[in-house]
Amino acid sequence: MLLDLHEIIEMPGGRVPFRCELNTQRLSFAGLVAFNGPVTAEGQVKNTAGILEMDALVEADMTLCCDRCAAEFRRPVSRQFRVTLQADAEDADDPDLFPLEGDNVDVGDVLETCFILDTDQKFLCREDCKGLCPTCGRNLNDGPCDCKKPTDPRLAVLGQLLDDNTGGVSNGSP
């Protein structure tokens, strides 16, 4: 969505409100299974003493894949962003400033970038997710698995002694 700011660029205190949907195809990242509806953004661009600032609230409902147990889970997110817009090209290399295109700003492009940069790199279905059993692959959140715990190779000889002595320890009685 291209937002025209020509009315407020030279008018301190001026505001331009906006409401739009972000392009979910541009918002793909590792761990995302699907968006469960549109990703919406609502906010305003305001001129504060000659500095253009965009304030926006971005809301999305996502289905994600847990990085520990691989289970899918649903997570609604609501993120608040405040970015500074750049009218001239003096500081074109400053990553904290977003450039205007003439007297316009591409709201979708700015907020899609902010959303992706603010997204976690790892997702957990819950804080105490136990993950998967490394031997059988069972989801340990559903309960313990029946796998025999691996024996320390340094203690393998003791295990063989116990297996060979199936009658147990003799106490000297017949």
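Author: The side chains of Arg 82 and Asp 55 meet in a salt bridge, with 2.5 Å from N to O; the term stands for a side-chain nitrogen of Lys or Arg within 4 Å of a carboxyl oxygen of Asp or Glu. Arg 82 belongs to strand β6 and Asp 55 to strand β5, so this pair ties together parts that are 27 residues apart in sequence. Helices (H or I, at least four residues) and strands (E, at least two) are DSSP runs, numbered from the N terminus. This is a predicted model, in which local features need pLDDT of at least 70 and side-chain atom pairs count only at pLDDT 80 or more, while totals for chains, interfaces and linings use all residues. Residues are numbered from 1 along each chain as its sequence is written, and side-chain values use heavy atoms, with hydrogens and water left out.

Arg 74 sits in strand β6 and Asp 61 in strand β5, so the pair ties together parts that are 13 residues apart in sequence. Arg 74, at 55% relative accessibility, counts as exposed.

Arg 79 is buried, at a relative accessible area of 13%, while Asp 118, at 41% relative accessibility, counts as partly exposed. The structure holds eight salt bridges.

Helix α1 itself covers residues 107-118, which makes 12 residues, and it reaches 16 Å from its first C-alpha to its last, close to the 16 Å expected at 1.5 Å a residue; that expected span is 1.5 Å times one less than the number of residues. At its start, a side-chain oxygen of Asp 106 comes to within 3.3 Å of the backbone nitrogen of Gly 108. The buried residues of α1 are Val 107, Gly 108, Val 110, Leu 111, Glu 112, Cys 114 and Phe 115. In general, an α-helix has 3.6 residues a turn, so residues three or four places apart point the same way.

Within the largest nonpolar core, which has 39 residues, Leu 5, Val 45, Met 54, Met 62, Leu 85, Val 105 and Leu 111 touch the most other members. At least two residues of this core come from each of β2 (15-22), β3 (32-35), β4 (39-48), β5 (51-65), β6 (72-86) and α1. Strand β5 gives the most to this core, with seven residues. A nonpolar core is a set of buried Ala, Val, Leu, Ile, Met, Phe, Trp, Tyr and Cys residues joined through side-chain atoms within 4.5 Å.

Leaving aside residues up to four places away in sequence, Leu 5 touches Val 16, Val 45, Leu 52, Leu 85, Leu 100, Asp 103, Asn 104 and Val 105, where contact means heavy atoms within 4.5 Å.

Between the two strands of the opening pairs, Arg 68 lies in the loop joining β5 and β6, and it counts as partly exposed at 43% relative accessibility. The C-alpha atoms of Arg 68 and Leu 132 are separated by 6.7 Å, although these residues are 64 residues apart along the chain. The side chain of Arg 68 also reaches the backbone oxygen of Cys 129 at 3.0 Å.

Technical notes
Buried means under 20% relative accessible area, exposed over 50%, partly exposed in between (1.4 Å probe, protein chains only). A polar contact is a pair of N or O atoms within 3.5 Å; within protein, one must be able to donate a hydrogen and the other to accept it, and residues adjacent in sequence count only if both atoms are side-chain atoms.
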